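Try each task before reading its solution.

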Amino acid sequence: MTTAPTGQPIAGVTPLTTNQDLDPTRLREAFGIFPTGVVAVAAEVDGEPVGLAASSFTSVSLDPPLVSFSVANTSKTWPTLRRAAHLGVTILASHQGTICRQLAGPVAERFTGIGLHTTEDGAVLLDEGLARFDCSIHEEVVAGDHTLVLLRLHSVESADTSLPLVFHRSGFGRLEASA
């Protein structure tokens, strides 16, 4: 039983149990409670756009300017994508759910019909994103079944004021605009 500093039980609070079964299904469900934004990470490799969708993007540091995302160690895309000198990161807007699903789908169809542009350094940036970053890999840290990728920012562009695409409980949700 969970207790207050006085030692008295707190009504309605279920205590955390120790040594519980932390199976992947339960963890995925619990992690899914926390809503996240979604980004496209893409670059031109061997003359073709290569990319993936990631819901683990976060800002890390202002000095030096760093962001991060995580990618599964089983990813078939990351070994190719990580060869690029520069990576583009595009924060997806609320209307880009279909694009996100497409980026998570079959490799040959990931960029079909998607508006994009490529920087001189090979970063691929999607049109209509809320913000776009030109980055390079700063460091990779293996963390269990994923790799945490730290990216160094070289340029940023953010002009769109619409709402972000939100990933929540294994689906897409929306934020409500504040008044």
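## Getting oriented

Of the 179 residues in the chain, 32% count as buried, where buried means under 20% relative accessible area, exposed over 50%, and partly exposed in between (1.4 Å probe, protein chains only). This is a predicted model, in which local features need pLDDT of at least 70 and side-chain atom pairs count only at pLDDT 80 or more, while totals for chains, interfaces and linings use all residues. Residues are numbered from 1 along each chain as its sequence is written, and side-chain values use heavy atoms, with hydrogens and water left out.

## Exercise 1: The chain as a whole

Task: Find how many helices and strands the chain has, and what share of its contacts with a separation of 6 or more comes from residues 24 or more positions apart.

Solution, step by step:

1. Start with the secondary structure: the chain holds three helices and twelve strands. Helices (H or I, at least four residues) and strands (E, at least two) are DSSP runs, numbered from the N terminus.
2. Next, take the contacts, meaning heavy atoms within 4.5 Å. Among those with a separation of 6 or more, 61% are between residues 24 or more positions apart.
3. Finish with the surface: the accessible area of the chain is about 11,000 Å², and carbon and sulfur atoms own 55% of it. These areas come from the Shrake-Rupley method with a 1.4 Å probe; for residues, only the protein chains shown count as cover.

## Exercise 2: Salt bridges

Solution, step by step:

1. Set the rule: a salt bridge is a side-chain nitrogen of Lys or Arg within 4 Å of a carboxyl oxygen of Asp or Glu. That gives three salt bridges.
2. D46 meets R83, at 2.8 Å from N to O. D46 lies in the loop between β2 (39–45) and β3 (48–54) and R83 in the loop between α2 (78–81) and β6, so this pair ties together parts that are 37 residues apart in sequence. Both D46 and R83 are exposed.
3. E140 pairs with R82, the closest N and O atoms being 2.5 Å apart. E140 is in strand β9 and R82 in the loop between α2 and β6, 58 residues apart, which links distant parts of the chain. E140 is partly exposed at 27% relative accessibility, and R82 is partly exposed at 40%.
4. R132 meets E157, at 2.5 Å from N to O. R132 lies in β9 and E157 in β10, so the pair ties together parts that are 25 residues apart in sequence. R132 is buried at 15% relative accessibility, whereas E157 is partly exposed at 35%.

## Exercise 3: Two serines and two cysteines

Task: Are S94 and S68 buried or exposed, and how many disulfides does the count give?

Solution, step by step:

1. S94 counts as buried because its relative accessible area is 17%. Leaving out residues up to four places away in sequence, S94 touches L163, P164, L165 and R174.
2. S68 belongs to strand β5 (residues 65–72). At 4% relative accessibility, S68 is buried too. With the same exclusion of residues up to four places away, its contacts include F57, V60 and L148.
3. For the cysteines, C100 is buried at 7% relative accessibility, and C135 is buried at 0%.
4. A disulfide is a pair of cysteine sulfur atoms within 2.5 Å. The count by this rule is zero disulfides.
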